[in-house]
Amino acid sequence: MKAMQFSSPAPIETEPLNYVDVPDPVPGSGEIRIRVKACGVCHTDLHEIEGELPLSKLPLIPGHQIVGIVEQSGAGAARFKIGDRVGVPWLHSTCGTCKYCKSGKENLCEQAKFTGYQVDGGYAQYHIIHQDFAYFLPEGFSDFQAAPLLCAGVVGYRALKLSELKPGQNFGMYGFGATAHVIIQIALHRGCDVYVFTRSREHRELALKLGAKWAGRAEDTPPVKMDSSVIFAPDGGLVPKALRVLDKGGTLALAGIYMTPIPPIDYNTLLYHERTVRSVANATREDAEELLQIAAEIPIHSEVVIFPLKEANKALRMVKESQINGACVLEIP
């Protein structure tokens with residue numbers, strides 16, 4: 001099969017992903033083989049390729065927002081029929097027996113494996129996944145529209161839940177890339193007023209177009225305090241800026257798998273009055289099922305920019321430079 005693969009971390013500007021031929025994978029017991037049609041491009045892919053995340057597997061095929069068709073089933077895999085359209089997100093597998101898995105926190109499983117990180121991902125023509133970790137995708141979404149739901153949607157939805165945002169409250173969003181442009185639609189659907197903080201003029205314009213009440217830079221002061229906020233950008237310097245405009249008792253969720261160092265935080269002015277700061281780690285299968293249901297109900301519309309698989313290096317470079325308005329998706333040949 002054709003795939004984009006890298007053998008060692010390097011700046012994306014050096015085009016470390018190579019277009020290669022690798023053997024077609026074969027599904028084992030309980031597994032399905034998916035003929036990949038589209039795969040979303042995520043900032044996490046960039047963190048892997050540029051060496052900001054430790055890697056346990058090299059060479060590696062990235063990609064964890066996979067949409068495709070079930071083409072082959074292994075022994076005992078009966079959940080899906082040949083030809084079913086399915087999606088695969090970041091969570092690839094868990095042990096199912098540890099204290100985290102048994103308490104509904106499988107996203108924290110010590111033995112968890114992640115798609116396009118510990119196992120080869122979706123920048124390829126085929127992908128293997130256990131049937132329990134793949135999802136039926138709702139009708140009404142093209143393959144390209146569905147792909148961003150599987151990470152930008154799922155992990156963003158978990159961040160929204162952990163921010164403890166309630167209907168009708170003021171919601172702050174820091175960074176307005178693939179994840180934020182999906183999650184704003186859920187917040188607006190719940191009757192919240194959304195305030196977007198981003199350095200990109202184009203992203204501010206998109207936020208206002210999608211229904212944000214206000215858009216500015218992180219250094220700007222919005223007209224009201226935020227009840228809940230989520231930081232989507234991997235910039236630790238945003239934490240004190242977000243706390244500066246977070247109301248008493250508010251929660252700030254940090255949605256990235258990677259973040260630059262957080263500067264010192266003054267307790268009296270930024271944290272006191274029961275403000276909460278919490279990280280977001282991965283997502284559960286329950287999160288994915290809930291998000292896909294909500295996406296169909298609203299329905300969520302993803303702004304997508306499509307690149308051929310061979311241009312994955314270019315797509316990632318544009319993600320790095322915040323040149324993508326919405327989500328970036330690879331079309332798999």
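**Looking around the model**

Me: Which residues of helix α6 (residues 201-210) are buried?
Reply: Helices here (H or I, at least four residues) and strands (E, at least two) are DSSP runs, numbered from the N terminus. Buried means under 20% relative accessible area, exposed over 50%, and partly exposed in between, with a 1.4 Å probe and protein chains only. In α6, the buried ones are H203, R204, L206, A207 and L210.

Me: What arc do the buried residues of α6 fall within?
Reply: The arc is that of the directions from the helix axis to the C-beta atoms. Seen down the axis, the buried residues of α6 line one face of the helix, because they fall within an arc of 160°.

Me: Before we go on, where does this model come from, and how are residues numbered?
Reply: It's a predicted model, where local features need pLDDT of at least 70, side-chain atom pairs count only at pLDDT 80 or more, and totals for chains, interfaces and linings use all residues. Side-chain values use heavy atoms, with hydrogens and water left out, and residues are numbered along each chain as its sequence is written, from 1.

Me: What covers the buried residues of α6?
Reply: Contact means heavy atoms within 4.5 Å. The cover for the buried residues of α6 includes α5 (178-189), β11 (193-197) and β12 (214-216).

Me: How many of the residues of helix α4 (residues 154-162) are buried?
Reply: Going along α4, the buried residues are V154, V155, G156, Y157, R158, A159, L160 and L162. They pack against β10 (170-174), α5, β13 (226-231), β14 (246-254), β15 and α9. So α4 is largely enclosed by the rest of the structure, with the buried count at 8 of the 9 residues.

Me: Is T284 buried or exposed?
Reply: T284 sits in the loop between β15 (276-279) and α9 (285-297). Leaving out residues up to four places away in sequence, T284 touches L91, G104, E106, N107 and R158. At 6% relative accessibility, T284 counts as buried.

Me: Which residues does D120 touch, not counting residues up to four places away in sequence?
Reply: Look in the loop between β7 (113-114) and β8 (126-130) for D120. At 28% relative accessibility, D120 counts as partly exposed. With those sequence neighbours set aside, D120 touches K57, P59, L60, I61 and H127.

Me: What is the omega of the peptide bond from L58 to P59?
Reply: P59 is in the loop between α1 (43-49) and β4 (66-73). The peptide bond from L58 to P59 is cis, with omega near -5°.

Me: Stepping back, what is the radius of gyration of the protein?
Reply: The protein has 10 helices and 17 strands. The radius of gyration is taken over C-alpha atoms, and the globule rule is 2.2 Å times the number of residues to the power 0.38. That rule gives 20 Å for 333 residues, and the protein's own value is close to that, so it is as compact as a globular protein of that length, with a radius of gyration of 19 Å.
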